[in-house]
Structures are given as structure tokens and as C-alpha cells.
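Me: Got a model open here. Can you walk me through the charged pairs and the core?
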Amino acid sequence: MKATEKDVWDQFETYGQLVKVTVPKTPGIYGKFGFVNFKKPSDAKRALRELDGSPIKGVKVNLTWARTQPSGNPWWNKK
């Protein structure tokens, strides 16, 4: 079952104020990864530490830091 942006938002918002959640809807990658942007880095660190391996919609998630700001990707910049 694929997670929506709302599903991801609901899972992460208890760890701090979120700025943006993006789950690309591109065919072939939809639901396979996403981005969560917290207002405070300390909240992001805690969420990563505590939610890594937890399920979202019954699927175990593997969390890691993004290597670069994905600003060049069209699905990240959509409003």
C-alpha cells in the first residue's frame, strides 16, 4: 500500500514543526521514497533516529538524510 503525503505528514508531525512533505507521484517511483522537511534540524534528527524502521501504512520505512537539497527536481518544487 502506497503512503500519501498526508500519511507521511501524520507520522512525522509529532516530532516537530514540518515545513514540507513530498512523495513523488511519478509512475514507477510513486510511494517508494519521499522527503520530509522539518523547521528545526534537531527535530529531524530525533525523528530519523526514532522512526527509522517503523511502518507507514504497514510498510517498514528506511530513513536517511538527503544527500543534497532536491531543488532541481520538479516534484519537489510544486506548491
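Reply: Helices (H or I, at least four residues) and strands (E, at least two) are DSSP runs, numbered from the N terminus. This is a predicted model, where local features need pLDDT of at least 70, side-chain atom pairs count only at pLDDT 80 or more, and totals for chains, interfaces and linings use all residues. Residues are numbered from 1 along each chain as its sequence is written, and side-chain values use heavy atoms, with hydrogens and water left out.

Me: OK. How many salt bridges are there?
Reply: Four. The rule is a side-chain nitrogen of Lys or Arg within 4 Å of a carboxyl oxygen of Asp or Glu.

Me: Why would such side chains pair at all?
Reply: Side chains of opposite charge can pair when their charged atoms come close.

Me: What does Lys6 pair with?
Reply: Asp10, at 2.7 Å from N to O. Both sit in helix H1 (residues 5–12), four residues apart, so about one helical turn separates Lys6 and Asp10.

Me: Is Lys6 buried or exposed?
Reply: Exposed, at 56% relative accessibility. The cut-offs are under 20% relative accessible area for buried, over 50% for exposed, and partly exposed in between (1.4 Å probe, protein chains only). Asp10 is partly exposed at 35%.

Me: Next, Glu50. Which residue does Glu50 meet at 3.9 Å?
Reply: Arg46, in a salt bridge, N to O. Glu50 and Arg46 both lie in helix H2 (residues 41–51). They are four residues apart, about one turn of the helix. Glu50 is partly exposed at 41%, and Arg46 is partly exposed at 30%.

Me: And what does Arg49 do?
Reply: Arg49 also bridges to Glu50, with the closest N and O atoms 4.0 Å apart. Arg49 counts as exposed, at 58%. Together, Arg46, Arg49 and Glu50 form a network of salt bridges.

Me: Switching to the core. Which residues touch the most other members of the largest one?
Reply: Val8, Phe12, Phe38, Ala47 and Ile56, out of 13 residues. H1, strand E1 (18–22) and H2 each give two or more residues to this core. H2 gives the most, with three. A nonpolar core here is a set of buried Ala, Val, Leu, Ile, Met, Phe, Trp, Tyr and Cys residues joined through side-chain atoms within 4.5 Å.

Me: What is Ile56 in contact with, leaving aside neighbours within four places in sequence?
Reply: Ala3, Asp7, Val8, Gln11, Phe12 and Val61. Contact means heavy atoms within 4.5 Å.
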